[in-house]
Every structure is written in C-alpha cells, then in structure tokens.
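Here's a quick briefing to read alongside the structure. Keep the 3D view open and find each part as you go.

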Amino acid sequence: RAAQSEREGMLIVNEYACSHFENNLFTTQDGQDIGMSYLSERGFNENIIKKFRLGYSLDSNNALFKEAVAKGYNKQYLFDTGLCIDDKRGGGYDRFKGRVVFPIFSVAGKVIAFSARTLKNDQAKYVNSPESTIYKKSNELFGIYQAKQAIVKQNKCFLVEGNADVVSMHQAGIENTIASLGTALTENQVRMIHR
C-alpha cells in the first residue's frame, strides 16, 4: 500500500507540474516570447502543442518548487520525480528552468517524466527526468500514448530520433510515430510496440 501511495503521489505531482508548464507557456510573457517562439520556429501549431501538452519552465531557480509547496504538494515527491533538486536547506531548485518541456506519458496516458530542451547555449541540450519508481527509461517510448491507436490501426509504427521529430510527424498526419528514450531501442520497448 505504501508503494502504491508513493506511486500515486508521484503521478499526481507530475500531472500538476505538466499543467504548471502548460500554463507558463500559454499565459506568461516569457512562455509566449521564449517558449512559444521556439515552438513556432519548429513549425508546431497550437493543436499539436496541446495534443502533446508541451510547456515551458520559467527561467527561475524555484518557480515550480515554490508554487507546488504553497499548494500543498509533497516536497519529497517533487525530489523523487526529479522535478526539483533538494538544496539541503529545506528548499529546492527547479531541474528544468528556462526550458521548453516535453512531458513523457505512459501507454495509459499518465505523466511519468519530462524531457526539457534548452533555448540557450547550455552544454546539455536536453535535460531529462531521472529514473524513479514511476519511470524506467528503457521501458517507455515518447509518444506511445498519442500514437497507440494509429499503430493498432495501421499495424506498424515509425521510430524517429527525438521528441520534436515525433511531434512534427504527428502534425504532418503520420500519427503512428514514436521515439525511444535514450540511445538504444530496448527489448522492453520492442515488446511494448508489439503489444
């Protein structure tokens, strides 16, 4: 029961964070000027942005952390999911600050992790959620939730390199498209596609 409630708590925190990032993208000045500008440059329209629930993490050390804690979300789940990093002084830092955020969904449509792209000259182009109780990179595929019906209908799927490629393909009408999370395609990922 404890493991179940930890899992549920982490999923609830991730869902909250996903909505927070979406809200930043659509309602804040930085979200519009920085996040939406980047997504528009990539050629993404509003419908596809909403379908994949893309968002923006404000370029602030702890905007998500402060808001989540103020709303009563469990600090430990913010750390366990990797959304925030414990500052060891009772506070936390936002892992994805100043980045466009791509949520990663389970096949059932739960937000299990995030991949966030920098819009600056950071060394790390993408920062990803660390593995956790609810997220094992080798067992998941980016876009599987959005692609599963098209994969079943067409009995095949296209595997592309990255998150933005998946979103582009879906926008172009090729909805049976997914990406592996990481460098290699794993047996578990192949099993999921087959299933």
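**How the strands line up**

Gly 55 has Val 101, in strand 4, as its bridge partner. Keep in mind that this is a predicted model. The briefing begins with the sheets, then turns to the cores, the ring pairs and a few single residues.

- Strand 1 and strand 4, joined over three bridges, pair in the antiparallel sense.
- Strand 4 also runs antiparallel to strand 5, and here seven bridges do the joining.
- Put together, you get an open sheet of four strands in the order 1-4-5-6, with antiparallel pairing.
- Which strands sit at the edges? Strand 1 and strand 6 (126–128) do, and each of them pairs on one side only.
- Neighbouring strands in this sheet are turned against each other by 35° on average, if you ignore direction.
- Strand 4 is mostly covered, with seven of its seven residues buried.
- The hairpin of strand 4 and strand 5 has five residues between the strands, and Gly 109 takes a positive phi near 95° there.
- Helix 2 lies across strand 1, strand 4 and strand 5, and it runs at about 125° to strand 1.

- Strand 7 and strand 9 (residues 177–180) run antiparallel and are joined by two bridges.
- Look for Phe 142, which stands opposite Ala 179 in strand 9.

**The nonpolar cores**

- Which residues touch the most other members of the largest nonpolar core? Out of its 46 residues, the answer is Leu 83, Phe 114 and Phe 142.
- Several elements supply at least two residues each to this core, among them helix 1 (2–27), helix 2 (29–41), strand 4 (99–105), strand 5 (111–118) and helix 7 (163–171).
- Helix 1 gives the most, with eight residues.

- How many aromatic pairs does a search of the whole structure find? It turns up nine.
- Take Phe 52 and Phe 142: their ring centres are 6.0 Å apart and their planes are at 20°, so this pair is stacked.
- That pair links distant parts of the chain, 90 residues apart, with Phe 52 in the loop between helix 3 and strand 1 (55–57) and Phe 142 in strand 7 (residues 141–142).
- Are these two buried or exposed? Phe 52 and Phe 142 are both buried.
- Now try Phe 96 and Phe 114, whose ring centres are 6.1 Å apart and whose planes are at 55°, so this pair is tilted.
- Phe 96 is in the loop between strand 3 (92–94) and strand 4, while Phe 114 is in strand 5, so the pair ties together parts that are 18 residues apart in sequence.
- Why does Phe 96 count as buried? Its relative accessibility is 1%, and buried means under 20%.
- Phe 114 counts as buried too, at 1% relative accessibility.
- Ring pairs also link Phe 52, Phe 102, Tyr 126 and Phe 142 into a cluster.

- Lys 50 lies over the face of Phe 26, at 5.3 Å from the ring centre.
- Asn 24 is in helix 1, and it counts as buried at 5% relative accessibility.
- If you leave aside neighbours within four places in sequence, Asn 24 is in contact with Gly 31, Tyr 56, Ser 57 and Leu 58.

Note on methods: Residues numbered from 1 in each chain as written. Predicted model: local features only at pLDDT ≥ 70, side-chain atom pairs only at ≥ 80, totals over all residues. Heavy atoms only, no water. Core = buried A, V, L, I, M, F, W, Y, C linked by side-chain atoms within 4.5 Å. Buried < 20%, exposed > 50% of the residue type's maximum accessible area, 1.4 Å probe, protein only. Phe/Tyr/Trp six-rings, centres within 6.5 Å; stacked < 30°, edge-to-face > 60°. Lys NZ or Arg CZ within 6 Å of the ring centre and 35° of its normal. Contact = heavy atoms within 4.5 Å. Pairing = 2+ DSSP bridges. Axes fitted to C-alpha atoms, helices over the stretch in contact; angles between N-to-C directions.
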